[in-house]
Amino acid sequence: LEPAIEANDSRAIIRIVTQNFEKGNKRFVQSAYLIGRHFLRLREYVEARDWFRKAALRNPKFDLYGHRIDEMIELCNDLLLAEADTMFRTGDYLGAREHYAALSHGLDRAEERRCASFLRMACVYCRLKDYKAADQALLQALEHGHETALALPLVDLVQKLAAQTGADGEAL
């Protein structure tokens, strides 16, 4: 492990810690937190968030990390959201859709409303001219309370666009 640390090789550190500390019944909050930190350094925010969540589940025994784990999960969500928004702005709609979908899993109600991932996904689907999927995303946004004042007017618009286009997204 020391050579990997000295070389600042996050992938090797993740591999070594996973192989040596994440097997059998021996699972430690420290290893999950460390793995999460290294995935964060690699800008793999979904993986990092998953490991921080594992750390949170293991933390109550001794509460070694206090609120730091929750702060790291929130940081991963913020970075994932920023990356997805950048993809959307630059026209990488498929990448943005993938990031928004990943972001929407496992959030508590307050984080769901703050990130409004379903509303953002509806915008992606509109850009992709997939109005039926956009309508479904808007319905989920309303169900989860994502920016209701913005989502409600979009529902009618998207439903009209869906009615005017065929399955291939072309106007009828």
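## Helix α2 and its packing

In this predicted model, the buried residues of α2 pack against α1 (2-6), β1 (22-23) and α3 (29-41), where helices (H or I, at least four residues) and strands (E, at least two) are DSSP runs numbered from the N terminus, and contact means heavy atoms within 4.5 Å. The buried residues of α2 are S10, A12, I13, I14, I16 and V17; buried stands for under 20% relative accessible area, exposed for over 50% and partly exposed for values in between, with a 1.4 Å probe and protein chains only.

Helix α2 covers residues 10-21, and its 12 residues reach 16 Å from the first C-alpha to the last, close to the 16 Å expected at 1.5 Å a residue, the expected span being 1.5 Å times one less than the number of residues. An α-helix has 3.6 residues a turn, so residues three or four places apart point the same way.

## The largest pocket

The largest pocket holds about 190 Å³ of space. A pocket is found on a 1 Å grid over the protein atoms alone, as an open set of points where a 1.4 Å probe fits, with protein on both sides within 12 Å along at least five of seven lines, and its lining residues have an atom within 4 Å of a point; the volume is the space filled by probe spheres set on the points, which are joined across faces, edges and corners.

Its lining consists of R53, D70, I73, E74, N77, G106, L107, D108 and E111, and helix α5 (residues 68-89) gives the most to it, with 4 residues. By class, the lining divides into 2 nonpolar, 2 polar and 5 charged residues, with Ala, Val, Leu, Ile, Met, Phe, Trp, Tyr, Cys and Pro taken as nonpolar, Asp, Glu, Lys and Arg as charged, and the others, Gly among them, as polar.

## F88 in helix α5

F88 is also found in helix α5, and F88 is partly exposed at 22% relative accessible area. Leaving aside neighbours within four places in sequence, F88 is in contact with Y93, A96, Y100, C123, V124 and R127.

## Positive phi values

N8, in the loop between α1 and α2, has a positive phi near 55 degrees although it is not a glycine, and N8 is exposed at 56% relative accessible area. K129, in the loop between α8 (117-127) and α9 (131-144), has a phi near 60 degrees.

## Basis of the values

Residues are numbered from 1 along each chain as its sequence is written, and side-chain values use heavy atoms, with hydrogens and water left out. As the model is predicted, local features need pLDDT of at least 70 and side-chain atom pairs count only at pLDDT 80 or more, whereas totals for chains, interfaces and linings use all residues.
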